[in-house]
Amino acid sequence: MPSPRTTDGEVLRPGWGYASVTAKIAGLVLSRPVRWPWLAAFLATLAMTLVYLGAMTWLFIKGVGIWGINIPVGWGFAIANFVWWVGIGHAGTFISAVLLLLRQKWRTSINRFAEAMTLFAAGMAGLFPILHLGRPWFAYWLAPYPDHMNLWPQWRSPLVWDVFAIATYLIVSALFWYLGMLPDLATMRDRARTRGKQVAYGLLALGWRGEARHWARHETAYLLLAGLATPLVVSVHSVVAMDFAVGNTPGFHSTIFPPYFVAGALFSGFAMVLTIAIPLRRAFQLQDFITEVHLDHAAKVLLATGWIVAYGYLVENFMAFFSGDRFEIAMTVDRWTGFYAPVYWAMLACNVLLPQVLWWRAARRNTLLLFVLSIFINLGMWMERFMIVAQSTSHDFMPSSWGLFIPTRWDWIFLAGSIGMFAWLFLVFIWLLPAISISEMRELVKEERDEPRPPARGSSHRSVQHGGSDGRA
Amino acid sequence: MVARDPRWALMAEYDSAEALVAAAQAARDAGYRQAEAYAPYAIDGLAEALGARRSRIPAFTLVGGIVGGLVGYFLQWYAAVVSYPEEIGARPLHSWPMFVPVTFEMTILLAAFTAFFAALLGNGLPRLAHPVFDAPDFDLATRNRFFLCLLTDDPAFDEPEAVALLDSTAPIRRDEVAR
Amino acid sequence: MTQPPIPEAGARLERVIEVQRGAGVNRRQVLAAMAASMALANTACSPPPRLQAHPYVNLPEGGAGGQPMYYASAFVRDGFAHGVLVGSQEGRPIKIEGNPAHPSSLGATDIYAQASVLQLWDPDRSSVVRQRLAREGDARVAPQIASSTWSAFEAAWLECADALADPHGSATLRILTGPMTSPTERALLQTLLARGPRARWHVHAPLSDAAAADGAWMAFGRHVAQVAHFDRAQCVLALAADPFSDGPGAVRHAMDWSSARTAVRDGIAGARAPVLFAAEATPGLFGARADHRVALSPARIEGLLWRVAAHWMPELTPADVGLADPAAAAFESRLLAALREAGSSALVIGGAGLSAEAHALVLALNQRLGAIGRTLTLIEPPDAAPGAGTLADLVDALKAGTVDTLLVLGANPAYDAPAVFDMPHALQRAKLLVHAGLHVDETARLADWHLPLSHAYEQWGDARAHDGTATLLQPAITPLYDTRSAAELLALLAADPLRDGHALVQRQWRTGREADFEAFWRKSLRAGVVADSAAPPLEVQTARLPARLALPAESPSATLTALFVPDAATHGGAFANNGWLQELPRPFTKITWDNAALVSPATASRLGMSTGDVVRLQAGMRTLDVPVFVQAQQADDLLTLPLGGGRRHAGRVGDRVGFDASVLRPASAMTLAVTLQKTGRRHEFAVTQHEIDQHARELLRTVSVGTALAPEPKRDQLYPPFASPVHAWAMAIDLDACIGCNACTIACQAENNIPVVGKSQVAKGRAMHWIRVDRHDLEEIDNSGFQPVPCMHCEQAPCELVCPVGATVHDSEGLNVQVYNRCVGTRFCSNNCPYKVRRFNFLQYSDETTETLKAQRNPDVTVRERGVMEKCTYCVQRVARARQHAEREGRPLVDGDVVTACQSACPTRAIHFGDLNDTGSDVVHARTSPRHYAMLAELDTKPRTTYLARIKPDA
Amino acid sequence: MSAVFSPRAVLVVRLAVLAVLGLAVATVMLFVWRARAYEQLGEPIAQPIPFSHKHHVGDDGIDCRFCHTTVETQAHAGLPSTAICLGCHSQLFRDQALLAQLHQSAATGQPVAWQRVHVLPDFVYFNHSVHVAKGVACVECHGRVDQMPLEWRAWPLQMQWCLDCHRNPTTHLRPASQEFAMDAPLPDPVEAGALARAAHLESRRRMTDCSTCHR
């Protein structure tokens with residue numbers, strides 16, 4: 001029921017009280033209002049996940065030869081998927097951490113599921129470097145530990161930096177996520193009506209009881225984690241970028257990569273946030289919490305990061321010729337005209353051309369359009385990763401060794417499988433955990449109330465029509 | 001010694017943050033040092049009203065970060081220079097610029113761990129069982145109600161005064177919390 | 001060179017296989033443990049498999065192994081001996097080296113000699129006597145084959161032997177063999193023929209050009225063999241010939257040519273090298289190296305020949321000479337000048353596709369030039385078969401039904417005879433067909449008896465080199481199976497009292513040497529050649545000039561001339577079951593696991609064809625569908641059809657690979673007019689090099705003689721370099737010497753246990769060769785250039801920097817080592833290798849189940865498992881062996897102690913390897929050459945493998 | 001309302017957590033123990049013929065090289081062939097049941113299937129002759145075989161262990177005269193230094209190159 005006085009500034013439609021907010025969000029989990037759409041999606045993605053696991057087993061049995069990779073293209077889909085997923089895994093922490101530090105109110109209702117998305121995306125990403133190994137059962141050799149071979153990781157390799165960056169990012173994001181969720185888990189414990197749920201949420205809540213000093217320490221730690229996560233977000237994709245920038249292959253070896261990868265990461269990350277948020281708010285009737293304002297802001301971020309990415313493309317092409325490096329030039333020309341050229345131009349269309357509609361306010365507030373656009377951007381960003389990984393190596397220094405990478409059906413299964421597993425994990429998350437931070441929403445309610453309008457009485461009165469009585473239910 | 005009071009605290013329940021903050025202030029003014037306040041979300045100034053000291057978590061975190069960085073760098077230096085030196089692409093054994101990324105990540109990692117566990121331990125969590133959980137209405141502490149407890153162990157605790165104090169803050173109800 | 005091996009060799013092999021099996025179990029269990037470790041992330045939690053150790057029953061001479069032993073012997077191809085040293089470890093022949101004392105080798109080898117060791121261990125080799133039962137009716141259609149024994153065959157043979165020997169009987173015996181140079185075998189064959197009054201010998205040499213022999217007959221009224229001396233020549237003209245790859249003297253030709261060029265390479269003022277002129281129909285190694293080259297159809301080449309010859313033969317009429325060929329005008333004038341200047345130091349060689357008259361004219365021209373006796377020696381053909389019939393005669397006899405017993409010895413006519421003979425049916429007309437060979441091939445399947453022959457390295461024997469020099473074959477291992485050598489078989493057939501190969505060969509060579517035989521025998525065995533056994537030069541009368549053939553009318557556009565040539569790797573199918581050779585990129589097309597009909601770009605565009613189109617060739621009633629490959633350097637309107645594909649019963653490797661060109665091949669000639677129509681079907685080639693143009697990247701450089709390359713600019717270094725204090729290994733490859741023969745590739749494959757991956761994997765871009773030979777079209781000299789590319793062992797190696805586990809690092813001697821057992825397979829190193837020399841085991845490539853293949857492996861080189869990166873190691877195992885040898889002797893390593901596999905195989909000595917810290921070493925000398933350069937030097941990877949630019953012919 | 005967790009429940013939770021932690025520690029211990037077991041130090045290994053080094057070396061004082069004939073010249077020390085054993089045992093104890101397998105081997109030509117005691121992975125290339133040439137005595141790696149009734153593994157033979165010696169070999173060298181002695185003491189530092197110089201040991205860097213042992 002859009003309120004007549006909806007304005008740009010509104011990130012929470014008026015008329016919500018502590019209790020109603022609590023009831024609404026906790027209800028999503030405790031009294032699962034939407035069963036069938038969720039169940040259908042759950043089963044579908046579960047099937048994809050099982051296929052994915054099966055494919056992994058086959059991969060371990062046969063070897064990476066089941067993919068289309070070869071010499072010269074030693075990395076194919078696996079690494080393209082890895083970079084793509086890491087990128088997607090950036091928006092969550094960015095929203096939670098950076099926007100928190102920037103005191104952006106509109107982060108409140110989207111940070112929780114954005115962080116969950118981050119965790120799962122980073123998880124998907126973390127799998128691929130292991131899967132793509134020739135001998136995955138020795139993946140642990142990339143970690144430093146004292147062994148009877150007296151051997152250590154080779155610290156100059158960006159792949160080792162990757163291991164540390166991704167691991168750190170996963171761990172810190174998880175801590176951040178869990179710490180933020182602690183009070184909500186307590187809420188769930190107290191709202192739960194069955195013993196099982198009470199115990200489960202009770203254990204997870206660690207006995208949180210909302211004492212004033214606890215809140216104080218909690219907030220301090222939360223801010224600190226945000227402060228730590230902010231440089232981390234920047235570092236992770238910079239390190240991933242260095243996997244390529246440190247290499248000497250034309251198309252890899254470029255100093256623009258770290259910033260341009262980070263921008264690309266936010267670009268794809270926010271696209272994925274929209275891809276998820278739009279169906280979510282529709283399915284769970286969250287239009288009051290995730291308002292057009294959220295979408296509008298996200299769209300603006302898309303537009304901005306999109307332009308940084310576009311700048312990246314521009315510089316890449318410019319530097320190729322400006323450097324006068326014949327190998328770079330040849331590789332760039334091949335990008336424009338070679339075997340993979342269609343992918344390149346499609347990528348430019350998705351990442352540079354289409355986002356320009358976001359200059360129009362109407363477009364930014366048109367959920368359907370945003371949804372479609374976000375999917376195109378995800379697609380485009382995947383194609384960008386693919387071009388960097390496959391096309392560059394296919395056309396490097398030795399013409400006599402030039403060769404093409406043609407994906408096999410296994411390549412496609414692994415891409416689809418990872419998407420399916422990601423979606424499945426996310427569905428499990430909204431099934432078991434509050435998808436929006438309840439305690440922070442309460443603060444939002446408070447702040448809304450403290451504003452002169454709407455008057456306090458009115459609010460409680462309006463809250464009645466929400467059915468969420470502030471009295472003892 | 002005197003037998004301990006069978007009650008853990010006296011508890012008052014409020015329906016607004018403002019009321020709670022006011023009550024907390026009053027309790028503090030009355031000399032209570034061990035009063036505890038419960039709220040469904042972080043209320044600015046409440047902890048201060050109860051006289052909480054400035055948190056030491058940031059200091060811990062800084063130390064954690066520094067230790068992490070040192071450990072990270074030492075690990076790389078030791079492995080590459082001391083334990084098993086090998087010629088890699090004609091780079092010096094101690095090629096410090098390439099040790100920076102891992103050092104940075106380790107700094108963040110340990111700092112984050114310290115911050116997280118400092119907060120948890122500082123709050124005495126995990127603590128699954130606590131007297132207040134048995135208090136009536138306390139499940140609303142995570143929904144929309146606000147509570148103030150005056151602990152019987154507080155040297156300043158004196159039953160009639162405490163009751164009077166709590167009633168003076170116009171709670172919507174007052175109870176006793178058993179140990 | 002050591003003593004002949006002792007009798008226990010057989011038992012030794014048994015043991016070897018035992019141990020190998022043990023090792024196999026080990027590997028499997030380790031794999032299982034690894035699988036477990038995926039779950040447990042801890043391999044150590046499974047206790048190690050308890051292995052067994054099997055000692056010798058009697059310790060052989062030379063000890064338990066670990067030290068390779070080399071037996072001087074010979075590999076016999078098309079009857080001719082190529083002298084080799086068979087390198088054995090733990091009693092297993094695993095690697096072939098050339099024999100420096102042998103005239104056809106001088107220490108170098110070709111691809112076939114290198115691959116012969118795999119032929120020895122071929123799991124599909126014939127191992128038992130096979131007999132066809134129940135011959136009545138049409139048993140051959142549904143033959144019941146039973147494995148039998150030698151004694152059974154001997155009994156069966158005795159029956160018909162008497163009938164054959166009966167002077168009044170009618171039973172006839174025909175013996176079909178390939179070319180035969182072995183004195184022992186020839187003697188035994190004569191006794192056998194003598195026993196049967198109605199016995200006759202036929203020779204079938206599928207790849208030899210009858211026209212050449214007829215030409216010699218035409219010119220001198222006798223058969224001669226030509227022995228060319230490139231080292232004495234100033235000017236060599238090859239007409240439709242490839243003396244660098246065809247014939248038993250090919251390696252020697254390349255070697256002589258290369259050594260004759262060294263002075264020029266070293267930039268010695270006024271030095272002269274032989275100038276090579278090639279008029280070729282289809283690209284060949286000689287043409288690629290020629291200073292002046294023209295591509296013409298065989299008919300036009302003949303025209304050229306007549307015009308050139310006329311300048312030395314005034315008696316030739318203009319009618320004979322014909323009109324000038326505009327396509328060859330420039331070439332022709334240059335050629336005439338060169339020939340005149342060279343005079344008796346000129347050398348003219350004719351090849352397949354020329355008419356008998358042309359061959360006669362070539363001989364005559366050589367004679368007029370005075371070349372004969374100087375650059376060209378004529379000798380009695382070592383494989384001369386006086387009184388022997390041809391295959392055609394035999395077929396006539398078979399069709400006439402006058403052949404009772406046919407013995408096919410070491411030949412496979414059912415596959416490689418021209419289809420016009422309809423051999424499969426012709427052979428069935430013989431009442432008793434006996435086949436003896438290495439494989440149960442197409443002919444064996446038709447035979448009543450198939451007898452397994454011993455491999456060259458399993459037998460005592462002898463054979464002659466291209467110049468007639470005799471070599472004694474000594475076994476490096478006792479026969480793997482119950483086989484006999486050809487000599488032993490002939491002895492059996494001829495009811496010779498001696499049956500043992502050793503005795504037979506000794507008897508053959510004892511005659512006339514009774515006195516000092518033992519000394520002679522030892523000496524010859526050790527040297528690998530019989531001293532002074534080369535054939536004496538023939539005195540020939542003045543050559544009769546042939547009459548000029550009518551010039552063939554220019555063929556209508558629909559018809560093309562098909563030229564039949566032996567496949568560049570399977571050699572007419574004889575090596576079709578050899579995985580190394582099947583997977584060897586053909587020098588020009590870089591095709592593997594296939595053969596293709598080559599056409600020139602012009603012809604292709606005229607007929608609207610492109611590479612991969614399948615076309616239907618028709619000649620008379622016969623048709624053949626072949627895939628087309630468009631090849632520059634090919635003569636227009638000419639279709640090159642490589643012989644050796646489409647084997648039906650070669651074995652697990654060679655069956656149904658490519659097409660069988662002999663379906664169209666005429667009875668004797670090597671050319672044929674065919675019509676062509678497109679089928680619309682496409683064919684996928686597995687090509688290892690897609691881009692022939694080097695995009696002006698100066699990977700393969702050329703210089704004019706006497707000029708130096710611009711020196712690389714000195715680059716500032718961020719870090720101080722790592723020193724290689726004791727040894728600093730380096731390799732320099734002289735592109736002016738390289739002829740692109742691929743011997744290095746196969747030698748490396750044999751030495752380093754490099755797996756064969758199969759056509760589909762090659763097509764995916766996963767070939768495993770550690771040293772590949774790139775071919776580039778060089779505009780500046782309008783010819784092909786070859787460039788072997790092994791690992792560069794960069795001093796500032798990009799691969800090392802990116803390996804996360806330190807599986808590829810530098811050792812103190814500057815080797816870029818790949819530690820297989822540490823590799824986890826990220827493939828980042830390969831991505832980061834500018835030279836793309838790294839190879840990855842995408843799947844489990846190395847065969848861990850076939851026992852004989854495991855027995856071939858080099859025990860000094862780790863067998864790589866799935867998921868591991870590998871690459872050229874500069875033969876680190878040879879470096880280690882040399883070092884350990886020196887250290888046991890307490891002396892320092894000296895130049896030449898370490899010879900890499902590719903280096904030792906190279907027929908032109910193009911590869912120099914040694915220690916940069918040894919200022920006197922060969923490689924240091926090479927690196928001081930003004931032609932010296934590093935590939936992609938601007939990347940500043942400081943490669944240890946560098947190149948010497950190819951010298952441009954002076955225009 | 002009543003609390004979710006009674007003090008009793010809390011106790012249960014605590015115990016459960018403790019149990020999980022304990023289990024984790026136990027698992028790690030198990031893995032470590034198995035890893036040690038991998039080395040199989042000091043475990044005598046049953047052989048088809050209960051050959052005793054103690055008897056042959058300790059009591060009879062037979063030199064190592066008498067049976068291990070190629071130890072000075074080749075990579076493999078040389079597992080004695082049946083013929084070598086029979087060199088003595090065609091006379092001594094020839095009718096002992098223990099030696100039945102030996103005579104059988106000689107008769108059938110089938111080797112005796114000994115159990116391996118010292119096993120290195122396929123990718124490790126150890127060369128006895130060089131170590132002997134440099135003055136590394138048998139006991140350094142094989143221990144006091146003269147005290148082993150049945151052969152067992154005296155040292156782990158793992159990379160770290162090899163490296164320890166390759167990094168400072170000097171303290172492991174003996175004069176050529178004592179290389180095959182079982183109880184010869186290690187020479188004093190001065191003499192050791194002399195031995196090292198005489199042996200022309202390669203640089204420490206060379207000795208720890210991957211390519212020294214792996215190919």
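## A walk through chains A, B and C

Start by selecting chain A: of its contacts with a separation of 6 or more, 81% are between residues 24 or more positions apart, where contact means heavy atoms within 4.5 Å. Before going on, note that this is a predicted model, in which local features need pLDDT of at least 70, side-chain atom pairs count only at pLDDT 80 or more, and totals for chains, interfaces and linings use all residues. Residues are numbered from 1 along each chain as its sequence is written, chains are lettered from A and ligands numbered from 1 in the order in which they are written, and side-chain values use heavy atoms, with hydrogens and water left out.

**Stop 1: chain A**

Switch to cartoon and you'll see 17 helices and zero strands in chain A. (Helices, H or I with at least four residues, and strands, E with at least two, are DSSP runs numbered from the N terminus.) Along the principal axes, the C-alpha atoms of chain A fill a box of roughly 80 × 55 × 40 Å. A compact globule of 473 residues would have a radius of gyration near 23 Å, and the 24 Å of chain A agrees with that; the radius is taken over C-alpha atoms, and the globule rule is 2.2 Å times the number of residues to the power 0.38. Colour by burial next: 66% of the 473 residues in chain A are buried, meaning under 20% relative accessible area, with exposed over 50% and partly exposed in between (1.4 Å probe, protein chains only).

**Stop 2: where A meets C**

Now bring up chain C alongside. The contact draws on 60 residues of chain C and 54 residues of chain A. About 4,700 Å² is buried between the two, with carbon and sulfur atoms giving 57%; buried area is the accessible area (1.4 Å probe) that two parts lose on being put together, summed over both.

**Stop 3: the seven-strand sheet in chain C**

Stay on chain C and pick out the open sheet E6-E5-E17-E16-E15-E7-E8, whose pairing is mixed; two strands pair if DSSP finds at least two bridges between them. At the edges are E6 (144–148) and E8 (199–203) of chain C, each pairing on one side only. From one strand to the next, the twist averages 15 degrees. Helix H4 (residues 183–195) of chain C packs on this sheet, touching E7, E8 and E15, and its direction makes about 145 degrees with that of E8(C). (Axes are lines fitted to C-alpha atoms, for helices over the stretch in contact, and angles run from 0 to 180 degrees between N-to-C directions.) For a close-up, zoom in on E7 (173–177) and E15 (405–409) of chain C, which run parallel and are joined by five bridges. Arg174(C) stands opposite Leu406(C) there.

**Stop 4: the four-strand sheet in chain C**

Next, select E12-E11-E10-E13 of chain C, an open sheet with parallel pairing. E12 (292–295) and E13 (346–350) of chain C have a single partner strand each, so one side of each is left without a neighbour in the sheet. The twist here averages 10 degrees from one strand to the next. Four bridges link E11 (275–280) of chain C to E12(C), and Glu280(C) faces Ala295(C) across that pair.

**Last stop: chain B**

Finish on strand E1 (residues 7–14) of chain B, where eight of eight residues are buried. E1(B) runs antiparallel to E4 (173–178) of chain B, with six bridges, and Leu10(B) sits opposite Glu176(B). E1(B) also pairs with E3 (146–151) of chain B, again antiparallel over six bridges. In E3(B), look for Leu148(B), the bridge partner of Ala12(B).
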